[in-house]
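Visitor: I have a structure to look at, and I want to know what stands behind each label. Could you take me through it?

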Amino acid sequence: MGGAEPGTAGTGRTGTGRTEPGSAGTGGAEVGSAEAGRTGIGSTGRGGAGAGGAAVCRAPRPLWTLGLLRNEIGTTFRRWRTLALLAVLAAVPVLIGVAVKIETDGGDGGGGGGPGSAFVSQISNNGLFLVFSSLAVTLPVFLPLAVGVIAGDAVAGEAHAGTLRYLLVAPAGRTRTLLVKYATTVTFCLTATLVVAVSALVTGALLFPVGEVTLLSGTTVPFGEGLLRALAVALVVALSLLGVAAIGLFVSTLTNSGIAAMATTVGLLVMIQILDAVPQLHAIQPYLFSHHWLSFADVLRDPVYWDRLQQNFGLQALYVAVFGSAAWARFTTRDVTV
């Protein structure tokens, strides 16, 4: 009792939960069968599974998850809205470069007192500084607005279009679906930042001379090292947007209107920027996700100043943990009816 004799069919009664070689239990599969090969289980009844053996057929497939992520990224980047956002971001460095070129040809060194003014004054001497100044100009407004639009529409847009319930019918699970949505938003953060950096690099090389880079600390480094630092700056800027992405995703789980989610996310962004600019609120400013955004300038020092960078990364991780957990709690308990 508990197993069938070798070479005979089992009676379906469970004893040890294992079928002897050469026999078949009820709902199980023979050792070495195709089903066992797919699931990687060498014997039936593993874990005391009952008749039907359905449990072994529902194991998550990592390759399927990658396919879902690839499909989500492709869908997001094929939308006209996404392409329009990237086009606007790519145009910003061109406008800055042309403006600086006109001013320097007219004898004005430019600069001003806005974000990135320390870099703008160096653009005419080295086009690589257009990368740094463009990232400094786009980070406070343009980049987070674009990320807020994508993140806010991630779940709410699907719900409004009526495709969210069909997506949840697939064996992805709500947690995995939410992770895929956030991973797609993070991919957009990286892509948008690189679009700004590449556009600035090309424009700077066409309009201005390029060569050795003088860092903010006064050290001169070769152009190749300057390019590596520019890439590091772009990566820091992209990581600085992770908090905005998490907030946008959380807001997106609260409503079925993509426009409302995007507007709310952008509104929160504007409010945080205002709070960070009021001197009387200095006590709470270190906890605002935008407070350490310009810490990327510390990458352009020799040696690199890590203190503010670490504070920035830690703050973004905190926002991701808090609002990511809130988004998961909301999305996994949400009644999707449309």
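Guide: What follows is a set of questions on labels and the values behind them. This is a predicted model.

Visitor: What makes up the protein chain, in helices and strands?
Guide: The protein chain has twelve helices and two strands. Along the sequence the pattern reads α-α-α-α-α-α-α-α-β-β-α-α-α-α.

Visitor: How much of the protein chain counts as buried?
Guide: Of its 338 residues, 38% do. The cut-off for buried is under 20% relative accessible area. The accessible surface of the protein chain comes to about 16900 Å². Carbon and sulfur atoms hold 65% of that surface.

Visitor: What share of the contacts joins residues 24 or more positions apart?
Guide: The share is 71%, counted among contacts with a separation of 6 or more.

Visitor: Why is serine 290 called buried?
Guide: Its relative accessibility is 5%. Buried means under 20%, so serine 290 counts as buried. Serine 290 sits in the loop between H11 and H12.

Visitor: What makes the pair serine 290 and glutamine 273 a polar contact?
Guide: The contact between their side chains is 3.4 Å. The limit for N or O atoms is within 3.5 Å. Serine 290 also touches Ile272 and Asp276, leaving aside residues up to four places away in sequence.

Visitor: Why is leucine 216 called partly exposed?
Guide: Leucine 216 has 34% relative accessibility. Buried is under 20% and exposed is over 50%, with partly exposed in between. Therefore leucine 216 counts as partly exposed.

Visitor: Where is leucine 216, and which residues does it touch?
Guide: Leucine 216 lies in the loop between strand S1 (213–214) and strand S2 (220–221). It touches Phe119, Ala297, Leu300 and Arg301, not counting residues up to four places away in sequence. The C-alpha atoms of leucine 216 and aspartate 302 are separated by 8.1 Å. Along the chain, these two are 86 residues apart.

Visitor: What kind of peptide bond joins aspartate 302 and proline 303?
Guide: A cis peptide bond, with omega at about 0°. Most peptide bonds are trans. Proline 303 is in the loop between H11 and helix H12 (307–333).

Visitor: How many cavities of 30 Å³ or more are there?
Guide: The count is three. The largest cavity has a volume of about 90 Å³.

Visitor: Which residues line the largest cavity?
Guide: Among them are Glu72, Arg79, Ile150, Asp153, Lys181 and Thr184. Helix H2 (62–78), helix H6 (142–161) and helix H8 (174–207) each give two or more residues to this lining. H6 has the largest share, with four residues.

Visitor: How is the lining of the largest cavity made up by class?
Guide: It has six charged, three polar and two nonpolar residues. Asp, Glu, Lys and Arg are the residues that count as charged.

Visitor: What lines the second largest cavity?
Guide: Val244, Ile247, Thr265, Leu268, Leu269 and Phe289 do. Helix H10 (242–252) and helix H11 (258–277) each give two or more of the lining residues. H11 gives the most, with three residues.

Visitor: How do you know the class make-up of that second lining?
Guide: Val, Leu, Ile and Phe count as nonpolar. By class, the lining of the second largest cavity has five nonpolar, one polar and no charged residues.

Key:
Residues numbered from 1 in each chain as written. Predicted model: local features only at pLDDT ≥ 70, side-chain atom pairs only at ≥ 80, totals over all residues. Heavy atoms only, no water. 1 Å grid on protein atoms, 1.4 Å probe; cavity = no way out; pocket = protein on both sides within 12 Å on 5 of 7 lines; lining within 4 Å. Points joined across faces, edges and corners; volume = space filled by probe spheres on them. Buried < 20%, exposed > 50% of the residue type's maximum accessible area, 1.4 Å probe, protein only. Contact = heavy atoms within 4.5 Å. Areas by Shrake-Rupley, 256 points an atom, 1.4 Å probe, with all protein chains shown as cover. Polar contact = N/O pair within 3.5 Å; in protein donor to acceptor, adjacent residues only side chain to side chain.
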